[in-house]
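Q: Could you take me through the labels on this one and say what each rests on?

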2 protein chains.
Amino acid sequence: MARKNEIQILVDQFARLPGLGPKSSKRIVLHLIKNRTQLFEPLVKMMDNFIEIIDFCPICGNVTLHSKCDICSSDNRQSDVLCVVESVIDLWAMEKTEMYHGQYHVLGGVLSVFEGVGPDELGIPQLIARIKDENITEVILAMNATVAGQSTTHFIVEQLEGMDLTITTLGRGMPSGGELDYLDSSTIASALNSRQEY
Amino acid sequence: MARKNEIQILVDQFARLPGLGPKSSKRIVLHLIKNRTQLFEPLVKMMDNFIEIIDFCPICGNVTLHSKCDICSSDNRQSDVLCVVESVIDLWAMEKTEMYHGQYHVLGGVLSVFEGVGPDELGIPQLIARIKDENITEVILAMNATVAGQSTTHFIVEQLEGMDLTITTLGRGMPSGGELDYLDSSTIASALNSRQEY
């Protein structure tokens, strides 16, 4: 079916994006064709503009349209506190709280023996060097509360041993709106361990 | 956060696509940036090429890169059998079976009082005209087995009354691999009604 194959190439290309499969990609391609001027054309134009200028910040690993990201080039942020996150998505989640005003370091992943991701792949030596160079006084290790995230935290803590700084990790316990009945035992145990006087 | 807003525009644009939300769009945009040469650039190029030439077939409503779609322009298909489907996705699903070799007509939706979709919005008068003009002998009404799909089928059957042709609808019953325990009563009832001698 030649008809299908030609359009199928675009569908297949969409299906390579994370979270999309053959069915959702078909739907998207049809939706784009149906909404050519309102959606398809502006999207292509925007992607085309971005492709030239979007890049990762050489300092922290955040996404940026400039040579340095807005966080690294801001004068209004604490320069001696560094928050280490797994990915840019995590950085965005942190920023959304509007509670953190220090610097960031995006690892771009977690240590994984299975996937062959070691300290060098994550740039951990560079992170350690950065902590020294920038006279960081507090490192917040904000990795995800997963086994891989916690192993990575543990590894970084070991590397930082002997340095004169405060190392913190995010508090563990019940999420907002959490109900005991729906939480796993490990979360409840963390919440119990980190209980505070009322 | 100027940093976020600039990239957020692209994320928001992706979030307008069907099935995508803010979270999945963020993931997609980051994935594109991370895979610029292998994915981002080819995708933009491909979309840009398609945007100029892709359109709906004026005869059947299928998606096409040419003035007529490959099904309508094929000489190897039955010209007197017409299968009416709700959408191009349904047409693709029919074609995937490789069991049907007639013509198609894509309605582009179903009748819906709530959404203000009447016979004219679906081009049902044009469908009736087409059936007459092309000397169609069998019309297969392959709408989805939903209330809206079946109302639309019923409406079209009424419009075709008095015309010299066979009107069929898709068989109803157990899907392949279906287990009685997991099927709804309506499906089992259909399967019972359409039971065949062994």
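Q: In which hand does H5(A) pass H6(A)?

A: H5(A) passes H6(A) in a right-handed crossing. The rule goes by how the near helix is turned from the far one by less than a right angle: clockwise is right-handed, anticlockwise left-handed. Before we go on, this is a predicted model, where local features need pLDDT of at least 70, side-chain atom pairs count only at pLDDT 80 or more, and totals for chains, interfaces and linings use all residues. Residues are numbered from 1 along each chain as its sequence is written, chains are lettered from A and ligands numbered from 1 in the order in which they are written, and side-chain values use heavy atoms, leaving out hydrogens and water.

Q: Why is H5(A) called oblique to H6(A)?

A: The axes of H5 (residues 124-133) and H6 (residues 147-159), both of chain A, come within 11 Å and cross at roughly 50°. Under 35 degrees would be roughly parallel, over 145 roughly antiparallel and 65 to 115 roughly perpendicular, with the rest oblique, so H5(A) counts as oblique to H6(A). Axes here are lines fitted to C-alpha atoms, for helices over the stretch in contact, with angles from 0 to 180 degrees between N-to-C directions. Helices are DSSP runs (H or I, at least four residues), as are strands (E, at least two), numbered from the N terminus.

Q: What makes H2(A) oblique to H5(B)?

A: H2 (residues 22-34) of chain A and H5 (residues 88-96) of chain B have axes that come within 10 Å and cross at roughly 135°. By the same cut-offs, that makes H2(A) oblique to H5(B).

Q: Which residues of H2(A) and H5(B) meet?

A: A:Lys26, A:Arg27 and A:Leu30 meet B:Val88, B:Ile89 and B:Trp92, where contact means heavy atoms within 4.5 Å.

Q: How do you know that B:Cys72 is in no disulfide?

A: A disulfide needs a pair of cysteine sulfur atoms within 2.5 Å. For B:Cys72, the nearest cysteine sulfur, that of B:Cys60, is 3.7 Å away, so B:Cys72 is in no disulfide. The count over all chains is zero.

Q: Why is B:Cys72 called buried?

A: Buried means under 20% relative accessible area, exposed over 50%, and partly exposed in between (1.4 Å probe, protein chains only). B:Cys72 has 13%, so it is buried. A:Cys83, at 0%, counts as buried too.

Q: What makes A:Glu98 exposed?

A: Its relative accessible area is 60%, so A:Glu98 is exposed. A:Glu98 lies in the loop between helix H4 (88-96) and strand S4 (103-106) of chain A, and has a positive phi of about 55° although it is not a glycine.
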